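The exercises below ask you to read a structure step by step, and each one is followed by a worked solution. Try each task by yourself before you go on to its solution.

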Amino acid sequence: MLSSILSSLPQVLIDGLALGAIYAVVALGYTMVYGILELINFAHGEVFMTGAFVGTATLFIFDDAGFLSSAPGWIVYFLVILISMIITGLLGVLIERIAYRPLRRAPKLISLISAIGVSFVLQDLIRFIAELITGNYIVSGISLFRGTFELGTSSLSSTFNDSFVKNNTFIIIGVAILLMLALDLFVNRTKWGVAMRAVAQDRETASLMSINVNKVIVLTFFIGSALGGATGVLFAQQYGTIDPYIGYILGLKAFTAAVLGGIGNIRGAMFGGLAIGLLEMFASANLGLITHGNFGSEYKDVFAFAILILVLIFKPEGLFGRAVKEKV
Amino acid sequence: MSGFKLALQNNKVLQLSLLAAFVLVSALSVYLTSRSVIAFILLLGSLLLLYYTSLSNGMKWAVAGLLLILVIPFATAGGPSHESYMEVATQCGIYVAMALGLNIVVGFAGLLDLGFVAFFAIGAYTYGIFATGQANNFIPGDLFPLSGDYFWVFIILGGIMAAIFGVLLGLPVLRVKGDYLAIVTLGFGEIVRIIFNNLEKPVNITNGAMGLSSISPPNLFGLQFTFPHQFYFIVLGILAVVIFGVRRFEHSRIGRSWKAVRENEIAAQSMGIPLIRTKLTAFAIGASFSGLMGVVFAAKQTFIDPSSFTLLESTTILVMVVLGGMGSVPGVILGAVLVTLLNLQVLAEFTGWLNQLSMQGIITLPNALSPVKMQRFIFGAILILIAIFRPHGLISARNRKIPLSQVKEGEAHEHPERSRTSQKVRRVNGS
């Protein structure tokens, strides 16, 4: 049993890394909004899903225009991600304006309920549009880099099997690292980043220091949602088929990642995403093997939630977060 | 007009006769037309009118009982669609009980629970597993399926099972609050569904995605309950107990503690409210209402599978509570009935009507837009709109006011207890 787990390990690691990168970037969106508004943006998973659909639709449009065959693949990929980021970013701003800003002073329960409402409305809107155009809400998109690549991991040690990597996996990991680096630089090195951290620390004091709080919040929503949208495109490219309900479970796991790393902590979210992705892949590959087929890979989602619950019980501030004292 | 309004406000006889006329007209129209959703909704609306009359509470309950037990079953008995009306009324009753359960958790105690349907599923499976041959797979002796006589015991058992799971969910989330709690309960609901969906290996307990079929219907002294109009009375009976219980809880010591915890956890704790016990009782009692109705649901459908217990169901129940007014018992009842009617009747009828129109070629409607599929959109929009424009819901919750004189009078009785408490405090401090 151990040898078969070991032999599939390189494949699991690579797939887990790709999935983890997706979780990590989505988790960034949760963590940024939470850091600033102390609100779980329930609709973030749906923004991610919208990004996937926008990306797929853009590809279809490019294909119709004949652009796909004439331009090199990476330019198309870049354009698709860019368009998707802009649209989902604007969507995030719109969501903030309509559903969250009027409730900024309301009790938390109320804004949470509004957030759940937004996520439902988005799911159905996308379903409606997709069904109207393609006749079915489950959409199979065009894959740009379809090839796979054989990684000779067996040459490292005889216990490992060779592993197969989709070309897209490299793109996912590359883009995710690029996005995370850019965000890290933005938050830590630019003026707007300073303003963002100031608002996260204390909104009222920040506003006294002549920071336009509303603008900062809008910017946060834009960036967080754009990150989600970009990941949506990556996801659609990797797995081929999308439907309007992918955002909910994935959002939940990305949130778990954000909590694991310490919510509000950007570097923590990156780590948490990778950890959850690797764990999930490991569980889905080996759970059946370990329990002799009694509990199959269907239980991999249970794993993610169990981690969430355990973290919340034993270390609610997350691995990299700081515990906050609460006052009346 | 204003004179009439004033007269109406002060004159109980006038109110009662107007109500009677309204009930008579709507009941007759339900009775005489073969199938009219509007008439049926109007008939149910008479209960809302009753709520706004200035009759005494006991009187209101008596009239409501009369309407529910006699008028509605008889008025709907006229046409061929008797059973479908009764089915809708039964569903309304089931959802009202669940919404009241969730109202305890969300409305009274302020703990947002997004996996509430899990308790409903636990209740349903508690009866489903033992009332089919399924339990033979893990209990030797070929005792199962149990006959319908046991249904009545299982109503209680289902409630208890759900309450146990409520406490099990409650224990880990005690340290978690607000938004985290919402996510954890969401995860819990999903875990329960996944487990029910896959628990066919190593021992086949839930029969997985295939679900459990031919569950024994309830049986009372040889009388089999199979039709919706029979279940209607079971649901009505349970509902009476649930509503009575909720009203008693709301104004009891524990009810006031729930509200205190909702308003401010830390302040409540420093006033001596045991946080853990208060939250756990909220979870347990809320869950048990849902569990009771789960048993009834399983017996009514005679078939259950995990797809009846999705997140959409949990959200539907949340919409009922939020729409009606968090923490307001009459509001939640209204919200539950409205959403159920919308779900089962209005959307379906509207879709049928639109389909007819497009069949005749008057309008062309894409299949994607059919209102039955728009549930999520409608529920989402309700949640956003209510949150922004009417956060207290349709009928907002009111705290019961006690006149000052009564408080002063009560103080004399309160004193002995108070000194006992202070003694206890002193003893704790001394040790």
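**Exercise 1. Into which domains is chain B divided, and what distance separates the centres of domain 2 and domain 3?**

Solution. The domain assignment of chain B, whose bounds come from an automatic or database domain assignment, gives domain 1 (1–80), domain 2 (84–323) and domain 3 (403–431). Taken over C-alpha atoms, the centres of domain 2 of chain B and domain 3 of chain B are 38 Å apart.

Before continuing, note that this is a predicted model, in which local features need pLDDT of at least 70 and side-chain atom pairs count only at pLDDT 80 or more, while totals for chains, interfaces and linings use all residues. Residues are numbered from 1 along each chain as its sequence is written, and chains are lettered from A and ligands numbered from 1 in the order in which they are written.

**Exercise 2. Describe the overall build of chain B and then of chain A.**

Solution. Begin with the secondary structure, where helices (H or I, at least four residues) and strands (E, at least two) are DSSP runs, numbered from the N terminus. Chain B has 16 helices and four strands. Its radius of gyration, taken over C-alpha atoms, is 24 Å, close to the 22 Å that the globule rule gives for 431 residues, so chain B is as compact as a globular protein of that length; the rule is 2.2 Å times the number of residues to the power 0.38. The C-alpha atoms of chain B fill a box of roughly 85 × 75 × 50 Å along the principal axes.

Chain A, in turn, has 13 helices and four strands. For chain A the radius of gyration is 20 Å, close to the 20 Å that the globule rule gives for 328 residues, so this chain too is as compact as a globular protein of that length. The C-alpha trace of chain A spans about 65 × 55 × 35 Å along its principal axes.

Next, consider burial: a residue is buried if 20 or more other C-beta atoms, placed from the backbone, lie within 10 Å of its own, exposed if 12 or fewer, and partly exposed in between. Of the 431 residues of chain B, 42% count as buried, and in chain A buried residues make up 49% of the 328 residues.

**Exercise 3. How many residues of helix 2 of chain A are buried, and what follows this helix?**

Solution. First check the length: the 29 residues of helix 2 (residues 9–37) of chain A should span 42 Å at 1.5 Å a residue, and the end C-alpha atoms are 40 Å apart, which agrees. The expected span is 1.5 Å times one less than the number of residues. Then look at burial: 24 of the 29 residues of helix 2 of chain A are buried, so the helix is largely enclosed by the rest of the structure.

After helix 2 of chain A comes E38(A), which is placed in the loop between helix 2 and helix 3 (44–65) of chain A. The phi of E38(A) is near 55°, a positive value in a residue other than glycine. With 15 other C-beta atoms within 10 Å, E38(A) is partly exposed.

**Exercise 4. Against which helices do the buried residues of helix 9 of chain B pack?**

Solution. Helix 9 (residues 228–250) of chain B has 23 residues and reaches 31 Å from its first C-alpha to its last, close to the 33 Å expected. Its buried residues include F231(B), Y232(B), I234(B) and V235(B). The buried residues of helix 9 pack against helix 4 (57–76), helix 5 (82–108), helix 7 (151–173), helix 10 (253–263), helix 12 (275–301) and helix 14 (329–359) of chain B, where two residues are in contact if their C-beta atoms, placed from the backbone, lie within 7 Å.

**Exercise 5. How many residues does each chain bring to the contact, and which helix of chain B gives the most?**

Solution. The contact takes 38 residues from chain B and 37 residues from chain A. Helix 8 (179–198), helix 11 (265–270), helix 13 (311–324) and helix 15 (375–389) of chain B each supply at least two residues of the side that touches chain A. Helix 8 of chain B gives the most to this side, with eleven residues.
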